[in-house]
Amino acid sequence: MTLMPEPISNPPLPSPEGRTPASPNSNPPNPAPDVVVFKNVTQSFGPAHAPKVAIQDISFVVEDAPNVGELVTIVGPSGCGKSTLLRIIAGLKPHFPPSQGEVRVFAKPIHEPGPDRGLVDQKYSLLPHLTVVENIAFGRKLRGMSRADRLDRAQTWVKKVGLEGSEDKFPSELSGGMQQRVSIAATLILEPRILLMDEPFGALDPGIRLRMQELLIQLWAEQQATVFLVTHSVEEAVYLGDRVFLMAAKPGRLLEILKVPRPAEPPEESRRKPWFISFSQALLRRLEEESPAPSGAKV
Ligand SMILES: Nc1ncnc2c1ncn2[C@@H]1O[C@H](COP(=O)(O)OP(=O)(O)OP(=O)(O)O)[C@@H](O)[C@H]1O
Ligand SMILES: [Mg+2]
């Protein structure tokens, strides 16, 4: 089955204010530098005589068009290799280096994690002995910012993620959703050029989730970052993504890359538009075809 999102063949949707149109991926007048390139990347775990393939033969290019960062969302059933893909870009062991294939970031091979890439991990790990504001400031400390400056900057992020009043609490005193927001702020404060987010909004209640989606889009526009965001919500993938990477399991692979029009309205309104509903439903059907077992995906 081919998923044909209606709006792509229609006249382009108006661009919302403050949000730059998605970069064209075919025949740009001046080839843009590539941000992330995967060429036939395979990663296997386990012994050589009985390898367990996590992802197989994945290739894609994400370009850096001038003044435009791309927001890529990744959907697929559990175990299809979404986290593996992100962690390879991040340069994190044991997923990196891949067993086969080539990974280039800003046109260079990578060897390890770097400040150009920031990962909001699926298992958000906070430092238990540090408070909320200290956890958020921690990466800036490692980069040599003075205590006053980094705590001041971290305080701004406390507000952005809606944790005012909790800045002096320790992680053990926070709910899962609050911990997740600390983890998001701790990565975003570092302003990585490539932002890798592994189910970053999974533990958030619907209201805060919408607020965080808007915050992400605002930051994306301000910082022109390239974002890879893994989600189990098809709706979130369609709302946030310039392109959706659809993955399948056994073996983990990239099935299709779908270009999505940039919604012109806030999330609650977008969700009610006929094109949004038909696009999301077609994507969900496609996911279900590829993973007949419950995938956890929802519209
Ligand atoms: N460190 C590891 N050692 C061995 N196998 C691993 C390791 N990390 C991942 N795998 C395997 O690789 C495959 C892909 O895992 P991955 O965590 O990337 O999936 P995922 O798509 O992120 O799943 P989920 O949606 O449940 O988070 C799975 O079969 C998993 O068991
Ligand atoms: Mg995962």
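I began with the helices, and helix 3 and helix 4 cross in the right-handed sense. I am working on a predicted model. For this pair I noted that the axes of helix 3 (residues 132-142) and helix 4 (residues 147-160) come within 8 Å, with a crossing angle of roughly 125 degrees. Helix 3 and helix 4 are therefore oblique to each other.

Next I listed who makes the contact. From helix 3 I have V132, V133, I136, A137, R140 and K141. Helix 4 brings R150, L151, R153, A154, Q155, W157 and V158. Sorted by class, the contact of helix 3 with helix 4 has eight nonpolar residues, four charged and one polar.

I traced an open sheet of four strands and wrote the order down as 2-1-4-5, with antiparallel pairing. Its edge strands are strand 2 (52-63) and strand 5 (108-109), each pairing on one side only.

I then went pair by pair. Strand 1 (residues 34-45) is joined to strand 2 by eight bridges, in the antiparallel sense. Along this pair I found F38 opposite F60 of strand 2, and Q43 has I55 of strand 2 as its bridge partner. Which residue in the turn of the strand 1 and strand 2 hairpin has a positive phi? I found G46, at about 90 degrees, in a hairpin with six residues between the strands.

On to strand 4 (residues 100-105), which runs antiparallel to strand 1 and is joined to it by five bridges. Here V36 has V105 of strand 4 as its bridge partner, and K39 is partnered by E102 of strand 4.

V105 came up again when I looked at strand 5: its bridge partner there is K108. Strand 4 and strand 5 pair antiparallel over two bridges. Their hairpin has two residues between the strands, and F106 takes a positive phi near 50 degrees.

At the strand 6 end, I checked the pairing with strand 7 (residues 194-198): parallel, over four bridges. L119 has L196 of strand 7 as its bridge partner.

**Ligand 1**

Last stop was the ligand. How many residues surround ligand 1? I have 13, and the closest are F45, A54, S78, S83 and T84. By class, the shell around ligand 1 has eight polar residues, four nonpolar and one charged. Which element gives the largest share of that shell? Helix 2 (residues 82-90) does, with three residues.

Key: Residues numbered from 1 in each chain as written. Chains lettered and ligands numbered in written order. Predicted model: local features only at pLDDT ≥ 70, side-chain atom pairs only at ≥ 80, totals over all residues. Near = placed C-beta within 6 Å. Nonpolar A, V, L, I, M, F, W, Y, C, P; charged D, E, K, R; others polar. Pairing = 2+ DSSP bridges. Axes fitted to C-alpha atoms, helices over the stretch in contact; angles between N-to-C directions. Parallel < 35°, antiparallel > 145°, perpendicular 65-115°, else oblique. Left-handed = near helix turned anticlockwise from the far one by under 90°. Contact = placed C-beta atoms within 7 Å.
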